[in-house]
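The following paragraphs lead through one protein structure, from a single side chain to the whole chain. Please keep the sequence and the model in view while reading.

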Amino acid sequence: MGVALVMVSCLSLSGCAALQEFKQAITPGGSATQSSASAPATEVGGRLVVEYTLNIEAPGKLKELLEEHLDLARFRQAPEDQRLSLQELGRLSAAAPQQARALLETEGYFNARVTVERSDLQAIESGQNGSERPTVTVKVDPGPPTRVSRVELRFAGELLDPVAESAGQAEPSPEFRARVSRQRDRLSRDWALAPGEAFTQSAWSNAKSALLGRVRTQGYPLARWAETSAQVDADANTAELILTLDSGPLFRLGAIQITGLKHHPATVVERLAGFQAGEAYSERAMLDFQERLLKTTLFDTANVDIRPDAENPDNAAASPVYVQVKESPRQQITLSVGFDTATGPRIGADYINRQPFGLSMRSRTKLKLGTRESSADVELSSHPLSDMHRNLGAFFVERLRHDDTVTLNVRARLGRIRETEREDRTYYLETLRAFEEKPGSDTHAGAVSGNAQWTWRRVDSSLRPTRGYTASVLVGAGYADSSTADNGYFGRSQIKLYGYYPLPGGWYGSARTEYGQIFASRSVGLPEKLRFRTGGDESVRGYGFEDLGPSDALGNPTGGRVLWNGSVELAHALMPSLPDLLGAVFVDAGQAAPSWKDFKPTTSLGLGLRYRSPLGTLRLDYARATALQRWRLHFSVGIAL
């Protein structure tokens with residue numbers, strides 16, 4: 001026997017409606033039976049009410065469904081002044097099978113058998129057993145579940161009958177028709193409730209919502225379901241699904257309308273659109289546009305959308321793209337004061353100008369002054385182009401004092417960078433010069449090189465990663481000169497890998513490894529800034545920043561030509577009520593050396609706290625350096641590469 005799905009919704013409400021009708025029909029009072037305080041039936045406001053026990057015998061999730069929605073279950077928890085009378089309890093017990101079957105039909109069980117047993121209810125009503133609480137038992141045999149036997153998905157609107165791409169065309173091109181046809185095929189394959197799967201009301205609703213949402217993000221924001229029908233054959237325990245999706249018109253992107261600009265020209269926004277007027281709308285295109293705007297750091301907020309009008313579908317041919325932005329401050333300065341156990345006290349300043357000299361550029365200047373270490377770092381970059389490329393130039397100068405030795409390092413870069421959510425690419429030319437002054441001798445070294453760096457991010461969150469990996473690869477080649485060694489060519493490579501994986505029992509595992517190597521003759525002199533050192537927050541904890549690596553006879557760091565470090569860490573929430581506060585244990589190892597033959601890694605181990613804040617994971621580590629036999633405190637903010 002076929003049963004229309006609409007009957008399921010009506011039946012699911014029948015228990016509540018019947019309850020209201022018989023409660024209005026009952027006259028309070030009427031029973032003269034007296035009960036003690038411990039009796040299950042007591043008189044409240046002239047009305048005899050009863051306490052009862054309810055047992056529901058049904059498989060797993062069906063039992064939970066009935067315990068939540070069955071009227072017998074809901075009134076069992078009611079306050080004393082709202083409890084059922086003996087007559088109401090009897091009538092609810094009689095109505096329970098019908099209500100239970102209606103609820104079970106929403107889970108796809110259309111042949112369920114439900115029986116209700118009541119113990120001692122009649123004795124209590126007659127006053128013969130006033131001290132024993134009645135028990136109502138609902139027994140459910142759900143029978144076989146209903147499964148989808150056939151799905152027929154039809155289309156209407158421009159998704160079925162596309163129109164020409166532009167006003168100058170009479171008919172859509174064959175290529176465009178083929179693309180729309182492939183889109184229909186993908187939507188049909190993406191339908192979630194396939195033949196053979198169990199039919200439930202929630203699965204039916206979710207499948208419709210998911211497909212409709214997908215169509216609306218793919219160019220048809222006015223899409224709707226013109227017809228949906230689930231024809232259930234209760235005898236065969238099957239359901240046939242018939243649906244018609246009316247896509248409405250295909251929206252095409254029109255002119256960009258910008259609000260919120262004060263200092264920057266409109267071209268700064270327009271060049272980042274990534275689409276041409278007339279292209280089909282997609283939600284992905286709007287989100288990418290919005291992301292590009294925020295990546296510039298020129299705006300504190302950015303919102304990009306269209307405003308589809310169901311009453312004027314003709315506007316779909318050229319729907320304006322509305323961009324609302326809030327500009328970041330044109331100039332910003334941050335001052336800092338700090339102390340380092342290796343270099344002593346320091347003060348710093350970080351100055352950002354997002355439109356220096358009125359140009360479409362961004363400058364950043366970082367100054368640091370200390371007793372043993374001072375530096376200046378200046379970077380000038382263009383605003384991003386439509387493909388997210390930025391041209392950049394940078395200059396860095398550093399002065400280091402160690403005992404009687406003074407080192408001056410100078411670096412200049414000129415290159416191009418492209419930054420996206422999942423990948424970064426950087427290409428640059430670099431020149432390095434190093435000057436060293438010490439009693440009795442002055443030396444210098446330098447290098448010119450071309451470099452390329454790629455970064456990949458495949459993590460669930462770049463701020464608080466728990467699953468996935470990130471990778472960074474840097475390669476370079478150039479020519480080095482020195483006043484104390486041979487001149488010659490060199491190559492340089494560096495690889496960083498980070499992995500994150502959730503483990504059973506609420507544990508989180510992470511690991512990282514870093515490799516670096518310089519390829520050059522041992523006689524070729526290289527500036528110290530080209531060579532490798534390690535140690536510190538992001539490498540081998542328990543040691544100071546770049547404390548590990550070869551040094552000369554006077555203890556001055558010289559850097560190595562090979563590098564490796566790695567770490568393994570386990571973390572777990574300290575308490576269920578604060579899942580973002582974790583405790584961690586870790587082991588680190590690593591070293592820099594003149595060659596792999598001389599490479600002898602050192603290790604450390606420690607404990608840490610992790611707090612997953614909106615700005616990234618804050619890390620507090622207490623690590624013991626095995627080579628030094630002492631502990632060191634580290635604090636950092638962890639963000640994926």
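Trp-631 is partly exposed, because its relative accessible area is 37%, where buried means under 20%, exposed over 50% and partly exposed in between (1.4 Å probe, protein chains only). The model is a predicted one, in which local features need pLDDT of at least 70, side-chain atom pairs count only at pLDDT 80 or more, and totals for chains, interfaces and linings use all residues. Residues are numbered from 1 along each chain as its sequence is written, and side-chain values use heavy atoms, with hydrogens and water left out.

Trp-631 lies in strand S28; helices (H or I, at least four residues) and strands (E, at least two) are DSSP runs, numbered from the N terminus. Trp-631 also belongs to a nonpolar surface patch of about 1100 Å², whose members include Leu-574, Leu-609, Tyr-622 and Phe-635. Such patches are made of residues with over 30% relative accessible area and no salt bridge, like charges being joined within 9 Å and nonpolar side chains (Val, Leu, Ile, Met, Phe, Trp, Tyr) within 5 Å. A salt bridge is a side-chain nitrogen of Lys or Arg within 4 Å of a carboxyl oxygen of Asp or Glu. Strands S24 (562-575), S25 (578-593), S26 (602-613), S27 (616-625) and S28 (630-638) each supply at least two residues of the patch, and S28 gives the most, with 4 residues.

In H7, Trp-204, Ala-207, Lys-208, Leu-211, Leu-212 and Val-215 are buried. Seen down the axis of H7, these buried residues fall within an arc of 120°, so they line one face of the helix; the arc is that of the directions from the helix axis to the C-beta atoms. An α-helix has 3.6 residues a turn, so residues three or four places apart point the same way. On the other side of H7, Asn-206 and Ser-209 are exposed. The buried residues pack against strand S7 (147-156), helix H6 (174-190), strand S8 (224-233) and strand S9 (238-246). Just after H7, Gly-219 takes a positive phi of about 115°.

For the protein as a whole, the secondary structure comes to 9 helices and 28 strands. Of its 641 residues, 41% count as buried.

Conventions: Areas by Shrake-Rupley, 256 points an atom, 1.4 Å probe, with all protein chains shown as cover. Contact = heavy atoms within 4.5 Å.
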